[in-house]
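User: Hi, I've got a protein model open and I'd like to talk it through. Can we start with the pockets?

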Amino acid sequence: MFDILVYLYETYYRPDACPEPAALARKLSAVGFDELEISEALVWLTDLTEMAGAEHTATAESTGTRYYVEEEFEALGMAAIGFIQFLESAKVLTPLQREIVVERALALDETPVALGKLKVIVLMLLWSQGKEPDALIFDDLFGADDDQPPRLLH
């Protein structure tokens with residue numbers, strides 16, 4: 001699924017450039033992605049888009065500290081939580097965006113969430129909202145991780 005998300009980011013530089021889901025599924029299939037992965041990616045992306053759209057309408061800002069319950073801590077892992085906190089302190093993520101990232105990470109069937117996958121989630125959230133991370137943050141999002149080989153962008 002994450003290969004599809006990265007492919008979408010690289011191919012469609014803006015989310016409004018993506019075709020409708022049915023046409024997109026056909027294009028992804030023609031490129032060689034598995035039907036099950038395509039279906040999972042489209043459902044995941046639709047959920048992200050709905051949540052990201054709701055984030056635009058919310059006006060409340062949080063100034064508090066986010067505490068993770070035990071289930072979240074176990075599912076996300078220390079590396080993912082640390083990276084989320086870094087992005088929030090760097091003002092890359094708002095508190096509402098942080099909650100979307102946490103929810104989308106918890107929607108995965110993986111414990112703990114690999115840092116590389118969390119970075120793709122953050123990138124896709126920013127992409128879905130039409131926001132471009134600055135160059136240093138982009139390097140952090142696509143830099144090499146211990147658990148994942150470096151991604152090559154064209």
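User: How much space lies in the largest pocket?
Analyst: About 260 Å³. Keep in mind that this is a predicted model.

User: Which elements give two or more residues to the lining of that largest pocket?
Analyst: Three helices do: H2 (21–31), H3 (35–57) and H7 (115–128). H3 gives the most, with four residues.

User: How does the lining of the largest pocket split by class?
Analyst: Eight of the residues are nonpolar, three are polar and one is charged.

User: OK, next one. What volume does the second largest pocket have?
Analyst: About 200 Å³. Its lining has 12 residues. Those closest to the centre are Glu88, Ser89, Leu93, Pro95 and Arg98.

User: Which helices give two or more residues to the lining of the second largest pocket?
Analyst: Helix H5 (78–89) and helix H6 (95–106). The largest share is from H5, at three residues.

User: Let's zoom out. How many helices and strands are there in the chain?
Analyst: Eight helices and zero strands. Read from the N terminus, the order is α-α-α-α-α-α-α-α.

User: What share of the residues is buried?
Analyst: Of the 154 residues in the chain, 43% are buried. That label needs under 20% relative accessible area.

User: Take helix H1. Is it mostly covered or mostly uncovered?
Analyst: Mostly covered. H1 spans residues 2–11, and seven of its 10 residues are buried.

User: Which ones are buried in H1?
Analyst: Phe2, Ile4, Leu5, Val6, Leu8, Tyr9 and Glu10.

User: What about contacts: how much comes from residues 24 or more positions apart?
Analyst: Look at the contacts with a separation of 6 or more. Residues 24 or more positions apart account for 72% of them.

Technical notes. Residues are numbered from 1 along each chain as its sequence is written. This is a predicted model: local features need pLDDT of at least 70, side-chain atom pairs count only at pLDDT 80 or more; totals for chains, interfaces and linings use all residues. Side-chain values use heavy atoms; hydrogens and water are left out. On a 1 Å grid over the protein atoms alone, a cavity is a set of points where a 1.4 Å probe fits but cannot get out, and a pocket is an open set with protein on both sides within 12 Å along at least five of seven lines; lining residues have an atom within 4 Å of a point. Grid points are joined across faces, edges and corners, and a volume is the space filled by probe spheres set on the points. Ala, Val, Leu, Ile, Met, Phe, Trp, Tyr, Cys and Pro count as nonpolar, Asp, Glu, Lys and Arg as charged, and the others, Gly among them, as polar. Buried means under 20% relative accessible area, exposed over 50%, partly exposed in between (1.4 Å probe, protein chains only). Contact means heavy atoms within 4.5 Å.
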